[in-house]
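Please walk through this fold with the model open beside the text.

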Amino acid sequence: MIIHTQRLCLRPWSDADAPALFELARDPRIGMLCGWKPYERIDDAHEALSTFLAAPDSYAVTLSSTGELVGSIALRIDTDSPEATVADIGYWIGAPYWGNGYASEAGRAIIERARELGVETIILKYFDGNDASRRVSEKLGFTWRSREEGVEYPLIGKHLTVHCTELALAAH
Ligand SMILES: CC(C)(COP(=O)(O)OP(=O)(O)OC[C@H]1O[C@@H](n2cnc3c(N)ncnc32)[C@H](O)[C@@H]1OP(=O)(O)O)[C@@H](O)C(=O)NCCC(=O)NCCS
């Protein structure tokens, strides 16, 4: 599945993305706010590409004009719920590309994708203090629901306060 927006192309990842992914994901400002360790070697990129980035509805966010990789966005449908009506979204944009509205633009596209898939509720979580992500959630129309203290993130060895926001999609 390839999704085009005004400036972006959201497409499945390929192993050829490893070098560009590594360059962006080695920056500690990305992973530590997403719950994973900054990449230390190119193999970390290959491993991510062959595991969670290979999941359905996990997209490389690229610029339509140049094809360059700017970030990542994923919709994960909660398969424990038999109706598959709940999903969460996760995203990051590489630091050189912050402040251009790319997360919001990709977010709007993924919300539409969720709607097509019959998702009724989307959950977006961010760590306490992540004001840029809080702002993205607001711009996308999410409503703050709850705050959870001491959530364990084993990959980064931390217990953090997480804010949970929610978007209800209108049924067709
Ligand atoms: C959060 C993130 C995805 C935002 O990407 P982006 O493409 O720069 O986002 P956008 O440009 O669409 O919107 C960012 C908004 O946050 C605002 N913002 C940025 N930094 C901010 C800060 N420190 N405090 C308050 N608002 C901030 C911007 O001004 C913008 O709002 P505006 O359009 O009203 O001016 C990016 O900063 C990132 O990847 N951070 C690290 C990883 C991460 O946090 N991922 C999300 C985990 S939940």
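In helix α5 (residues 131-139), the buried residues are Ser133, Val136 and Ser137. Buried means under 20% relative accessible area, exposed means over 50%, and partly exposed lies in between (1.4 Å probe, protein chains only). Helices (H or I, at least four residues) and strands (E, at least two) are DSSP runs, numbered from the N terminus. Viewed down the axis of α5, the buried residues fall within an arc of 100°, so they line one face of the helix. That arc is taken from the directions from the helix axis to the C-beta atoms. The cover over these buried residues includes β5, α4 (102-116), β6 and β8 (158-168). Just after α5, Gly141 takes a positive phi of about 90°.

This is a predicted model: local features need pLDDT of at least 70, side-chain atom pairs count only at pLDDT 80 or more, and totals for chains, interfaces and linings use all residues. Residues are numbered from 1 along each chain as its sequence is written, and side-chain values use heavy atoms, with hydrogens and water left out.

Now turn to the core. A nonpolar core is a set of buried Ala, Val, Leu, Ile, Met, Phe, Trp, Tyr and Cys residues joined through side-chain atoms within 4.5 Å. The largest one has 46 residues, and Leu10, Leu21 and Ile122 touch the most other members. At least two residues of this core come from each of β2, α1 (18-25), α3, β3, β4 (69-77), β5, α4 and β6. Helix α4 gives the largest share, seven residues. Leu10 touches Met1, Ile2, Ile3, Tyr59, Ala60, Val61, Ile73, Ala106 and Ala109, not counting residues up to four places away in sequence. Contact here means heavy atoms within 4.5 Å. A second, separate core of five residues includes Val151, Tyr153, Ile156 and Val162.

Which residues does Ala114 touch? Ala114 sits in helix α4. Its relative accessible area is 0%, so Ala114 is buried. Ala114 touches Leu75, Val119, Ile122 and Leu169, not counting residues up to four places away in sequence. Ala114 and Ile77 lie 8.8 Å apart, C-alpha to C-alpha, and 37 residues apart in sequence.

Next, the strands. Two strands pair if DSSP finds at least two bridges between them. Strand β1 (residues 3-4) and strand β2 (residues 8-12) pair in the antiparallel sense over two bridges. They form a hairpin with three residues between them. β2 also pairs with strand β3 (residues 58-63), in the antiparallel sense over five bridges. Cys9 in β2 stands opposite His4, and Cys9 also stands opposite Thr62 in β3.

Last come the rings. Rings of Phe, Tyr and Trp (its six-membered ring) pair if their centres lie within 6.5 Å; planes under 30 degrees apart count as stacked, over 60 as edge-to-face and the rest as tilted. The structure holds three aromatic pairs. Trp36 and Trp92 form an edge-to-face pair, 6.3 Å centre to centre with 70° between the planes. The pair links distant parts of the chain, 56 residues apart: Trp36 is in the loop between α2 (28-34) and α3 (42-50), and Trp92 is in strand β5 (residues 86-93). Trp36 counts as buried because its relative accessibility is 12%. Trp92 counts as buried at 10%. The rings of Phe127 and Tyr153 have centres 4.8 Å apart and planes at 70°, so this pair is edge-to-face. Phe127 is in strand β6 (residues 121-127) and Tyr153 in strand β7 (residues 143-153), 26 residues apart. Both Phe127 and Tyr153 are buried.
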